[in-house]
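Subject: Structure handover and notes

Dear colleague,

Please find below the structure I promised to pass on to you. My notes on what was found in it come after, and I would be glad if you read them with the coordinates open.

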Number of protein chains: 2
Amino acid sequence: VARSLPHEDIAYLGDTARVPYGTRSPETVRAYAKSNARFLADLGLKALVVACNTASAVALDELAETIAGPVLGVVEPGARAAVEATRTGSIAVLATATTIESGAYSRAMAALDPAVRVTSLACPLFVPLAEEGWTEGDVPKAVAERYLADLAGTGVDTIVLGCTHYPLLAPVIRTAAEGVLDLSPVLVDSAAAVAASLVGQLPSPPERAAGSRGGRRAFYVTDGLPSFRRVAPRFFGQAISDVTLVDVGS
Amino acid sequence: VARSLPHEDIAYLGDTARVPYGTRSPETVRAYAKSNARFLADLGLKALVVACNTASAVALDELAETIAGPVLGVVEPGARAAVEATRTGSIAVLATATTIESGAYSRAMAALDPAVRVTSLACPLFVPLAEEGWTEGDVPKAVAERYLADLAGTGVDTIVLGCTHYPLLAPVIRTAAEGVLDLSPVLVDSAAAVAASLVGQLPSPPERAAGSRGGRRAFYVTDGLPSFRRVAPRFFGQAISDVTLVDVGS
């Protein structure tokens, strides 16, 4: 999003005090997502991106009224990219337990192409592995092989990385998938699809630039500044120095 | 505790909406622990056990005034059991990042025996492994070997399992430790030590029985009833059918 819209102000909120969302009940994720959205809405937004697959899967409808502008989740763009990419018509979704149990990806894909076959795999350990920085070596290899063993015989040629953390493990996931599938699958990371969708839903570039004060980036977290600073470069590709600790309520 | 005090009523609160604590800042753990303690205090307690190493390590002092009776953490009893068990004077503590960074175990052991040497290892992946139920096989073996490699040459003969989840991985931890240490270490789980300490701090048995309505067990959680019911038998040794979902505030 930052690369696609360099002149827009972007506010990022990481609810580090209450992560991970992927193992919580839909009710709790909805409550947390609403408090986060209220905090962000108070900053004055023209668009809201719910950049968490679990919150997108279970809370998007309830966040739609939070702001006047568009509210985008990451599930629909990722589902669309996968349906467009597959040749065999067999797609795997790797995501958190709550995202898988919601059925959001399966529904989104069926709406786009009822003939697509979807294999859903909950992979909860991928999140703590990425947080620990163990993205290569024996441990992530063993975890990925165990989760992806269920792809045998599915004919899957496209895999959705249905959680923000999973792209960090993409090489390990690819290798494990190649071992089971006898082909090199397309890995779908919805980030690019979401950015493109957001650009399409905002006013045209001149108007965007006029409403902008020059592409400021503001980072907010609800806990753990030191650990956020340590982990952030893995996710953002650069160090984040200006981070503000906030309380978003409950 | 339930086995040691069969006639006492016991209320258990699992803050499943905000776990894991071990990766959060001390400030956030203290805020969560205080809201939990307030909820429990309102039930009318004669004693409070902070059965979480991270909360014991960073929040115990602030919880002391929550109730009129004793407030026990799990760090001091575990430290005491380890200091009593070691023959080489070299002890390892395996715990969450926040517990290790607090230095609580090192301080407690130094207070008991200044000559003891303590090797502290943060093992964050043990919690999600236990939650996932992966307590044996290649993955936990590889994780334990990676964390415990740092014990080489330490002369450690006693290992504190300094997080409530770690005893579920005790066999894997033992095997990995034996490979590094060339001996079979004593594994210290503070549960028994805490129960003994609690029994010692309560009024004598007749008075206890008089104040009791017959050993009721009440379980409260803040989120995720289905997953709690699924995981609970691994921790309690029996199914938990009567669980109440509560909101403890923030």
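**A serine in a strand of chain A**

A:Ser90 belongs to strand E4 of chain A, which covers residues 90-95. Before going further, please keep in mind that this is a predicted model, and that what follows is computed from it. With a relative accessibility of 1%, A:Ser90 counts as buried, and a polar atom of its side chain lies 2.8 Å from the backbone oxygen of A:Thr154. If neighbours within four places in sequence are left aside, the residues in contact with A:Ser90 are A:Arg117, A:Thr154, A:Gly155, A:Val156, A:Asp157 and A:Thr158.

The buried residues in question, within helix H7 (138-148) of chain A, are A:Val139, A:Pro140, A:Ala142, A:Val143, A:Ala144, A:Tyr147 and A:Leu148.

**How the two chains meet**

Chain B is superposed on chain A by a rotation of 180 degrees with 0.0 Å of shift along its axis, the RMSD being 0.0 Å; the two copies are thus related as by a two-fold rotation axis. Among the residues of chain B, B:Arg18 comes closest to that axis, with its C-alpha at 2.7 Å. The interface residues of chain B are, to 100%, also interface residues in chain A, so the copies meet through the same surface.

In terms of extent, 25 residues of chain B are in contact with 25 residues of chain A, and the two chains bury about 2000 Å² between them, 56% of it on carbon and sulfur atoms. Of the area that chain B buries against chain A, 28% is supplied by B:Leu125, B:Trp134 and B:Arg146, which is more than any other three residues supply.

On the side of chain B that touches chain A, the elements giving two or more residues are helix H1 (26-41), helix H6 (126-132) and helix H7 (138-148) of chain B. The largest share of that side, five residues, comes from H7(B). By residue class, the side of chain B that touches chain A divides into 13 nonpolar, six polar and six charged residues.

**Salt bridges**

Over all chains, the structure holds 16 salt bridges. One of them joins the side chains of A:Lys34 and A:Glu62, at 3.2 Å from N to O; as A:Lys34 lies in helix H1 (residues 26-41) of chain A and A:Glu62 in helix H2 of chain A, the pair ties together parts that are 28 residues apart in sequence. A:Lys34 is partly exposed at 33% relative accessibility, and A:Glu62 is likewise partly exposed, with a relative accessible area of 36%. These two residues are also linked with A:Glu27 and A:Arg30 in a network of salt bridges.

In chain B, the side chains of B:Lys46 and B:Glu8 meet in a salt bridge at 3.1 Å, N to O. Here B:Lys46 lies in the loop between H1 and strand E2 (48-50) of chain B and B:Glu8 in the segment before strand E1 (10-14), so the pair ties together parts that are 38 residues apart in sequence. B:Lys46 is partly exposed, with a relative accessible area of 35%, whereas B:Glu8, at 7% relative accessibility, counts as buried.

A further salt bridge of chain B links B:Arg80 with B:Glu76, the closest N and O atoms being 2.8 Å apart. Both residues lie in helix H3 (residues 75-85) of chain B, four residues apart, which is about one turn of the helix. B:Arg80 is partly exposed, with a relative accessible area of 38%, and B:Glu76 also counts as partly exposed, at 36%.

**An exposed loop residue**

Lastly, A:Glu65 is found in the loop between helix H2 (53-63) and strand E3 (71-73) of chain A, where A:Glu65 is exposed, with a relative accessible area of 73%. From A:Val19 it is 46 residues away in sequence and 24 Å away in space, C-alpha to C-alpha.

With best regards

How values were computed
Residues are numbered from 1 along each chain as its sequence is written. Chains are lettered from A and ligands numbered from 1 in the order in which they are written. This is a predicted model: local features need pLDDT of at least 70, side-chain atom pairs count only at pLDDT 80 or more; totals for chains, interfaces and linings use all residues. Side-chain values use heavy atoms; hydrogens and water are left out. Copies are superposed by least squares on the C-alpha atoms of residues with pLDDT of at least 70 in both. Contact means heavy atoms within 4.5 Å. Buried means under 20% relative accessible area, exposed over 50%, partly exposed in between (1.4 Å probe, protein chains only). Buried area is the accessible area (1.4 Å probe) that two parts lose on being put together, summed over both. Ala, Val, Leu, Ile, Met, Phe, Trp, Tyr, Cys and Pro count as nonpolar, Asp, Glu, Lys and Arg as charged, and the others, Gly among them, as polar. A polar contact is a pair of N or O atoms within 3.5 Å; within protein, one must be able to donate a hydrogen and the other to accept it, and residues adjacent in sequence count only if both atoms are side-chain atoms. A salt bridge is a side-chain nitrogen of Lys or Arg within 4 Å of a carboxyl oxygen of Asp or Glu.
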